[in-house]
Amino acid sequence: MSEGRTLVISPNWIGDAVMAQPLLQMLKRQHPARPIDVLAPPSVAPAWRAMIEVDSVLETPFRHGALQLRERWRYAKVLRVRGYVDAYVLPNTIKYALIPWLAGIARRVGYKGEMRYGLLNVVHHDDAPKRAMVPFYAALAGAPGAALRADVPRPAMCVDPEQVIEVRARHGMGGAGRLVVFAPGAEFGAAKRWPARHFAALAQSVREQDPSAHIALLGSPKDREACAEITALTGTDGIHNVAGATSLSEAIALIAGAAAVVANDSGLLHIASALNRPVIALYGPTDPDHAPPFSDVARSISLRLACAPCRQRECPLGHHDCMEKLEPGMVWQELRQM
């Protein structure tokens with residue numbers, strides 16, 4: 001007899017979705033035969049599809065930020081027939097907690113968030129607001145208030161090697177040359193971005209050491225201008241600005257085939273970490289201890305200035321020293337060893 005299904009409602013950010021993946025590993029340990037479905041925004045869904053614990057990814061039909069109560073009620077009726085016995089609500093807003101309640105899912109788990117008593121009936125409290133994100137989400141697998149287990153796994157994703165070869169060829173990066181990925185963007189704001197001239201200097205160092213290397217500049221359409229600044233300084237020989245030209249699933253495949261990844265604190269950083277690629281994470285206004293990379297080979301670089309982490313979208317002091325003074329040579333020293 002079937003023991004039903006589990007529904008996980010995804011965060012809205014790619015990095016948070018990746019850091020929630022260990023929760024799914026822990027749920028699978030508890031109920032190996034219970035399929036796990038994930039309800040996710042279309043922009044985040046491809047990340048969940050690269051996680052082996054996920055049975056189905058359902059894409060949310062809702063507009064960002066809108067309550068859309070009637071639409072949520074209709075969608076809840078669709079979910080009702082899928083036979084969910086429990087739901088894990090990872091966003092902290094009321095509107096996402098409404099969905100499993102309207103769907104009649106018996107066990108509804110999440111953090112208190114926006115006073116969601118009733119909508120959730122297994123309510124966790126975040127008593128350590130600066131807790132790292134992986135244990136924050138993983139704690140939902142246990143009872144509220146329970147001590148977090150010491151064996152929390154790290155995020156893990158996988159990509160078919162054939163897909164890596166196909167995507168590299170499709171974007172002009174085929175052949176034997178090694179692939180190095182740079183992720184110069186950051187959705188949060190300009191303060192998290194390492195300067196384009198620093199990325200350009202690092203690219204020159206890579207190409208001088210290995211002229212056959214391909215350097216892929218990845219990101220969303222919003223990052224294309226920042227990546228164009230880099231190619232304006234380096235030229236396009238071996239440098240591929242594909243920001244906005246790849247789907248997220250293609251970007252994941254390119255990262256999976258990378259010899260190394262250099263990234264700001266962004267969703268692509270956490271994808272690289274979950275794919276266990278050698279990764280260098282660049283931190284300025286954010287805390288390197290809050291969401292560090294977990295790869296076997298990983299370096300977090302932060303100047304840890306007195307004014308950091310300010311967690312602001314723009315530098316409140318106007319100098320952006322946390323990124324400006326993080327010199328390319330410091331990063332190259334680490335990347336060269338990888």
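Which residues of α5 are buried?

1. **Basis.** This is a predicted model, in which local features need pLDDT of at least 70, side-chain atom pairs count only at pLDDT 80 or more, and totals for chains, interfaces and linings use all residues. Residues are numbered from 1 along each chain as its sequence is written, and side-chain values use heavy atoms, with hydrogens and water left out. Helices (H or I, at least four residues) and strands (E, at least two) are DSSP runs, numbered from the N terminus.

2. **Helix α5.** The buried residues are Lys95, Tyr96, Ala97, Leu98, Ile99, Pro100 and Leu102. Buried means under 20% relative accessible area, exposed over 50%, and partly exposed in between (1.4 Å probe, protein chains only). Helix α5 spans residues 94–102, and seven of its nine residues are buried, so the rest of the structure largely encloses it.

3. **Around α5.** The cover over its buried residues includes β1, β2, α4 (69–80), β4 (84–89) and β5 (107–111). Contact here means heavy atoms within 4.5 Å. Just after α5 comes Gly104, with a positive phi of about 70°.

4. **Strand β2.** This strand (residues 36–40) is mostly covered, with five of its five residues buried. Both faces are covered. Ile36, Val38 and Ala40 lie on one side; Asp37 and Leu39 lie on the other.

5. **Neighbours of β2.** Two strands pair if DSSP finds at least two bridges between them. Strand β1 (residues 5–9) runs parallel to β2, joined by four bridges. Thr6 has Ile36 as its bridge partner in β2. Strand β3 (residues 54–59) also runs parallel to β2, and five bridges join them. Asp37 has Ser56 as its bridge partner in β3.

6. **Helices α10 and α11.** Helix α10 (residues 248–256) packs on α11 (residues 267–274) at an angle of about 50°, with the axes 9 Å apart. The two are therefore oblique to each other. Angles under 35 degrees count as roughly parallel, over 145 as roughly antiparallel, 65 to 115 as roughly perpendicular and the rest as oblique.

7. **Their contact.** Leu248, Ile252 and Ile255 of α10 meet Leu268, Ile271 and Ala272 of α11. By class, that contact has six nonpolar, no polar and no charged residues. Ala, Val, Leu, Ile, Met, Phe, Trp, Tyr, Cys and Pro count as nonpolar, Asp, Glu, Lys and Arg as charged, and the others, Gly among them, as polar.

8. **His320.** This residue is in the loop between β12 (298–302) and α12 (321–324). His320 counts as buried, at 15% relative accessibility. Leaving out residues up to four places away in sequence, His320 touches Ala190, Ala191, Arg193 and Cys315.

Methods: Axes are lines fitted to C-alpha atoms, for helices over the stretch in contact, and angles run from 0 to 180 degrees between N-to-C directions.
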